[in-house]
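Open the model in your viewer and keep the selection panel at hand. The tour goes stop by stop, with a selection at each.

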Amino acid sequence: MPTKRCPHCKDVALEPTQYQQEEVDICRHCGGLWFEKNEVNRMIAEINDSPIGEKYETHFGKSLGVSELDCPDCNKSLERFHLLEDYHCEIDVCRHCDGSWIDKDELEVVANSHELKEHLTELNEKVNWKTYLFQFLTQMPIEYNIQPQKTPWVTYGLIALNTIIFALYFLSANNFSFVLEHFAMTPAKISQGEQLWSVLSCVFLHGSVMHLLGNMYFLYIIGDNLEDALGHKRFLLLYLACGLVASFASFIVSPLSDIPSVGASGAIAGLFGMYLMWFRHASLTFMFIVYHKKLSAVWFFGIWLAINIFGALSGPSGIDYSAHIGGFILGLIIGFILKEQIYTQNPIIGLLNKPFAKIKR
Ligand SMILES: [Zn+2]
Ligand SMILES: [Zn+2]
């Protein structure tokens, strides 16, 4: 058998090696791999005995024409393909010998291609009459994101805790005013050094059923993915940190106010900030009167922030905009600091955030 040579490094000979139980040839110089017999196509499709010469377009993306590289087996020019229809990382294929050349930095993508394909199918689902009706009736968005691997116990626990606390005081007018008096955050009292615990306790209180439902819905759709990416403990700590910073922001803006402040919104706004940094591929549906559209997380929370800044500037209202903005800014900072770590610990999230991923909205 003639020696195979690296299509990149030309005079470097390829050596046989193992890659995920497959016999492949590696270039020790550039780290590229030559997969024979349609293996790459098979990895994507997870089919066991795909016939040689199966149409590449079935599993790969578009053909991009002739490559500059030559086939290590037959020396004919390779052909460039998008790895997947919706993942535009390029690979080189020889239709003649059914082999694929994978550069070193593409290996992680190829190894995860089957999973990426499944996720992209879900992420790219179109809005339909059901999503329209849901949002029209509830005014709440539908989220398009990958399914978490771990059960989000902390998210569920926080939702249960908030609901139980609310149920305990809301039904009795006496209890309601007692709780508001002692556990809502009133900046004027904090200024006097009184009821310092209220900066945290107020995060677990809500003023009305709609207030509770709206916050818990967002905690449910956003929290599960963040908890999955961060792990349970870190998620809980960061949630509480965002809640505290939100209370602090609310206090700083009007330290003498005697209006009590309650709600998980500030802590949840912190989650929005992290979500926006790590889940660029995610979409949320947005509704304006009767117009309904999928938006990227960046646009969705960008619009949300604009509404909050506008609210904060237009003077006093029932909504604590400064707490939202404070929590959100901390979330963005945490999101920025932990970004690389999150992508390393969750390769799929990292890969979906590369520009190769084509998200349809
Ligand atoms: Zn090479
Ligand atoms: Zn060939």
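Two strands pair if DSSP finds at least two bridges between them. Helices (H or I, at least four residues) and strands (E, at least two) are DSSP runs, numbered from the N terminus. This is a predicted model, in which local features need pLDDT of at least 70 and side-chain atom pairs count only at pLDDT 80 or more, while totals for chains, interfaces and linings use all residues. Residues are numbered from 1 along each chain as its sequence is written, and chains are lettered from A and ligands numbered from 1 in the order in which they are written.

**Stop 1**

Select residues 283-288, strand β9, and residues 291-296, strand β10. The two strands run antiparallel and are joined by six bridges. Within this pair, methionine 287 stands opposite histidine 292 of β10. Now pick isoleucine 289: it belongs to the hairpin of β9 and β10, which has two residues between the strands, and its phi is positive, near 55 degrees.

The bridge partner of tyrosine 144 in β9 is serine 283.

**Stop 2: β4 and β5**

Select residues 63-70 for β4 and 77-84 for β5; four bridges join these antiparallel strands. Aspartate 70 has serine 77 of β5 as its bridge partner. The hairpin has six residues between its strands, and asparagine 75 in the turn has a positive phi of about 70 degrees.

**Stop 3: the largest nonpolar core**

A nonpolar core is a set of buried Ala, Val, Leu, Ile, Met, Phe, Trp, Tyr and Cys residues joined through C-beta atoms within 7 Å. A residue is buried if 20 or more other C-beta atoms lie within 10 Å of its own, exposed if 12 or fewer, and partly exposed in between, with C-beta atoms placed from the backbone.

The largest core here has 81 residues, and Leu83, Leu271, Phe272 and Tyr275 have the most contacts inside it. Helix α11 (residues 265-278) supplies the largest share, ten residues.

Centre on leucine 83. Not counting residues up to four places away in sequence, it touches Phe60, Gly61, Cys89, Ile91, Val109, Val110 and Ser113. Here, contact means C-beta atoms, placed from the backbone, within 7 Å.

**Stop 4: serine 265**

Select serine 265 in helix α11. Is serine 265 buried or exposed? It is buried, because 27 other C-beta atoms lie within 10 Å. Beyond four places in sequence, serine 265 touches Asn215, Ala323 and His324. Finally, select glycine 65: its C-alpha atom is separated by 52 Å from that of serine 265, 200 residues apart along the chain.

Note on methods:
Contact = placed C-beta atoms within 7 Å.
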